[in-house]
Amino acid sequence: MFPIEKHHMATSIEDAVRALAEDETSQVIAGGTDVLIRLHEGHGDYRNLVDINKLDELREIRMDEEGNVLIGALASFTEILEHDVIRKHVPVIGESVNTVGGPQVRNRGTMGGNICNGAVSADSACAALVHEVDLVIQSPEGERVESIIGFHTGPGRVSLKQGDLLKHFRVRPGNYKGFGASYYKYAMREAMDIATIGCAAAVKLNGEKIGELRLAYTVSAPTPIRCAGAEEVAKGKPLTQETLAEIAKAVEADVRPRTSWRASMEFRLHVIRTLAQRVTRQAAERAGGTF
Amino acid sequence: MQKQTISLTVNDKKFTLDIDVRQSLADVLRKQGFTSVKQGCGVGECGACTVLVDDMAVDSCIYLAVWADNKKVRTTEGECRNGKLSPVQQAYVDAGAVQCGFCTPGLVMTTTSFLERNRDRKVTREEIRTGHAGNLCRCTGYETIVKAVEKIVDVAEEE
């Protein structure tokens with residue numbers, strides 16, 4: 001049995017927010033693929049749970065009147081990757097979450113949990129960063145919107161406060177229209193593994209040149225990151241091997257990988273440079289470019 | 001500790017159960033005699049506890065029993081009808097995909113879901129492998145398992 005001390009099944013978003021605000025030891029449980037494992041391992045920090053599984057309004061994936069793509073915090077990875085709106089408008093989000101764990105984990109795990117638990121290796125984080133998704137958050141004071149840029153504040157930390165509940169992700173049209181995007185997860189195995197390095201790129205072309213590059217990594221710094229230096233270097237450059245090499249060189253200054261049991265810092269840097277070229281190229285090709 | 005009453009169907013039979021909110025679905029199913037549900041790793045890696053909840057494969061060891069309230073649960077016990085194995089179960093037997101057998105009930109449920117979700121299309125060998133990546137088998141080396149699945153799905157020609 002899991003060492004749960006208190007379990008509150010929320011009956012509405014307001015009820016969940018109230019329960020979370022009321023007790024500073026309480027934590028949200030959604031799909032449970034992280035929280036229940038933490039509990040199984042005996043961690044004390046998830047003993048008081050506010051369960052949002054009955055809040056079906058948080059499962060919704062759709063496009064609103066203004067062309068924003070909305071992904072409910074409780075939508076499972078499988079629901080995301082199979083949804084027509086995702087496939088048509090932000091396919092890189094579906095491709096990213098398709099690399100999480102195995103089928104059973106994807107049937108339960110949520111993008112809400114993947115982002116809110118602050119994991120440095122979160123498979124959905126790179127795609128969220130290149131599409132600059134907004135997080136629509138409910139708190140006792142009301143609703144607020146935060147950008148994914150800056151949402152991660154440290155390893156395993158995000159800018160949520162006690163009483164905050166993520167309702168959904170929102171991708172604005174300006175952040176997906178006209179972009180080609182790609183994600184590559186480098187891991188030791190092809191399934192059931194944590195990324196050694198994850199990399200996503202989104203490219204908007206300006207004629208034959210790169211109009212805008214957005215390049216993001218996981219496990220390459222204390223949080224998932226965007227690469228301002230490499231993105232600046234890419235601006236206005238032609239689609240050539242030399243441009244890709246310049247991006248790969250510039251990215252070294254944007255990242256801060258470390259040595260862990262999974263991989264050494266040097267090896268990670270090698271993967272980071274390689275993926276900068278491979279993923280940028282594929283994103284540009286998906287935007288309609290040729291090298 | 002908090003008790004709760006849940007109503008669910010397991011293999012088409014209705015159950016109303018008083019459960020402890022700390023229990024996993026795997027705990028509750030085994031207590032009701034559905035011992036095909038194996039607890040292996042306990043952390044959602046090995047898939048030995050795979051059951052279908054509303055026809056979706058889940059690791060029942062990391063699925064709270066309270067979430068099964070008003071849901072339809074399927075285990076491999078319920079897949080045989082009138083003493084006859086399901087096509088998936090029969091394919092495992094015919095392909096010799098069972099050795100020690102501990103992973104088999106979970107794999108059978110994963111295949112059952114895979115089959116139902118890919119009914120109207122051809123699948124590749126690669127898709128069979130990724131579709132079963134959440135189940136570990138330490139005996140067979142997976143070859144016979146993939147062969148069992150190939151017997152019952154529409155296999156696409158490899159490029």
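Author: In this predicted model, chain B is divided into domain 1, covering residues 3–75, and domain 2, covering residues 87–152. The centres of these two domains of chain B, taken over C-alpha atoms, are separated by 21 Å. Where they meet, the contact takes 14 residues from domain 1 of chain B and 12 residues from domain 2 of chain B.

On the side of domain 1 of chain B that touches domain 2 of chain B, strand S3 (50–53) and strand S4 (56–59) of chain B each supply at least two residues. Of the elements there, S3(B) gives the most to that side, with 3 residues. By class, the residues that domain 1 of chain B turns towards domain 2 of chain B divide into 8 nonpolar, 3 polar and 3 charged.

Chain B also meets chain A, and this second contact takes 20 residues from chain A and 26 residues from chain B. On the side of chain A that touches chain B, the elements giving two or more residues are strand S1 (6–9), helix H2 (35–40) and helix H6 (103–108) of chain A. The largest share of that side, 5 residues, comes from H6(A). Sorted by class, the side of chain A that touches chain B has 10 nonpolar, 9 polar and 1 charged residues.

Chain A holds 11 helices and 14 strands. Its radius of gyration is 19 Å, close to the 19 Å that the globule rule gives for 291 residues, so chain A is as compact as a globular protein of that length. The C-alpha trace of chain A spans about 60 × 45 × 35 Å along its principal axes, and 50% of the 291 residues of chain A count as buried. Among the contacts in chain A between residues at least 6 apart in sequence, 64% join residues at least 24 apart.

The largest nonpolar core has 132 residues, and those with the most contacts inside it are A:Cys126, A:Ala200 and A:Ala201. Leaving aside residues up to four places away in sequence, A:Ala200 touches A:Val92, A:Ser96, A:Cys126, A:Ala127, A:Leu129, A:Val130, A:Ala181, A:Ser182, A:Tyr183, A:Ala216 and A:Val279.

Notes. Residues are numbered from 1 along each chain as its sequence is written. Chains are lettered from A and ligands numbered from 1 in the order in which they are written. This is a predicted model: local features need pLDDT of at least 70, side-chain atom pairs count only at pLDDT 80 or more; totals for chains, interfaces and linings use all residues. Helices (H or I, at least four residues) and strands (E, at least two) are DSSP runs, numbered from the N terminus. The radius of gyration is taken over C-alpha atoms; the globule rule is 2.2 Å times the number of residues to the power 0.38. A residue is buried if 20 or more other C-beta atoms lie within 10 Å of its own, exposed if 12 or fewer, and partly exposed in between; C-beta atoms are placed from the backbone. Two residues are in contact if their C-beta atoms, placed from the backbone, lie within 7 Å. Ala, Val, Leu, Ile, Met, Phe, Trp, Tyr, Cys and Pro count as nonpolar, Asp, Glu, Lys and Arg as charged, and the others, Gly among them, as polar. Domain bounds come from an automatic or database domain assignment. A nonpolar core is a set of buried Ala, Val, Leu, Ile, Met, Phe, Trp, Tyr and Cys residues joined through C-beta atoms within 7 Å.
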